[in-house]
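Let's take a quick tour of some charged side chains and the partners they pair up with. Have a look at the structure first, then read on.

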Amino acid sequence: MKELDVYIGYDPKESIAWHVLVQSLMQTTSMPLSIKPVNLRNYLSIYSREQDTRQSNEFSFSRFLVPYLKNYTGHALFMDCDMLVRSDIREIFNSAIDQEEKAVHVVKHDYTPANDVKYLGQKQYAYPRKNWSSVVLWNCNHPKNKLVDLDFVNSATGAELHRFSWLTDDEIGELDLEWNWLVGEYDVTQFNKHVKNVHWTVGGPYFNEYADADFANEWFGMKKIMMKCEQLGENE
């Protein structure tokens, strides 16, 4: 049975988020998964880009290594770590079937951030196509994605990368909003669909300031499952 390749951004300042997201994927997905952390410490030999003062996490730009890491073959999903999956991620991969003309599939957010500051006191920036790159289903076979080589990832501007500048608009497929629901930006009480992937882009419930954010109880419940370890005699 074929595995689904999932790459998740990793930042040591919120490592708990990475592990809880992985647990949620294992709890909900019907297919075998190959999950890989996009951790800068693992890519020192190929990633030489200097830290940008505007980037809020370590994987702001290294996320675009995915086509290269896949040797430009097959499909792979990239996700930010500050998420919780509530439905079978296989659905995203199925959405790309028979759409080989699309180089990527993303949720095409069109919003202005409601907050000027986000987690750990960082400035919240507004820019076109913000958060499009936080969930990306890559068609690594697409010839245009071969332009995303090591030189491009290490030297392109943030705008060129996050706005998918190497693609035309018709090469960017669309995922439904339910697959990248931005907590703090959208009103869940007015959403008439099931939220399939929660994204705490402003700040996850693992930060004290956001412990009461929408869906926080689900995150803490998944954290409990992730940390479970039965002890001798506890069920006697």
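This is a predicted model: local features need pLDDT of at least 70, side-chain atom pairs count only at pLDDT 80 or more; totals for chains, interfaces and linings use all residues.

Residues are numbered from 1 along each chain as its sequence is written, and side-chain values use heavy atoms, leaving out hydrogens and water.

**The count**
- A salt bridge here means a side-chain nitrogen of Lys or Arg within 4 Å of a carboxyl oxygen of Asp or Glu.
- By that rule you get twelve salt bridges.

**Arg86 and Glu218**
- Arg86 pairs up with Glu218 in a salt bridge, with the closest N and O atoms 2.8 Å apart.
- This pair links distant parts of the chain, 132 residues apart: Glu218 sits in helix H6 (residues 216-226), and Arg86 in the loop between strand E4 (83-85) and helix H3 (90-94).
- Helices (H or I, at least four residues) and strands (E, at least two) are DSSP runs, numbered from the N terminus.

**Lys196 and Glu91**
- Lys196 forms a salt bridge with Glu91, and their closest N and O atoms are 2.6 Å apart.
- Lys196 is buried, at 15% relative accessible area, while Glu91 is partly exposed at 34%.
- Buried means under 20% relative accessible area, exposed over 50%, and partly exposed in between (1.4 Å probe, protein chains only).

**Lys144 and Glu171**
- Lys144 and Glu171 meet through their side chains in a salt bridge (2.9 Å, N to O).
- Lys144 counts as partly exposed at 25% relative accessibility, and Glu171 as buried at 14%.
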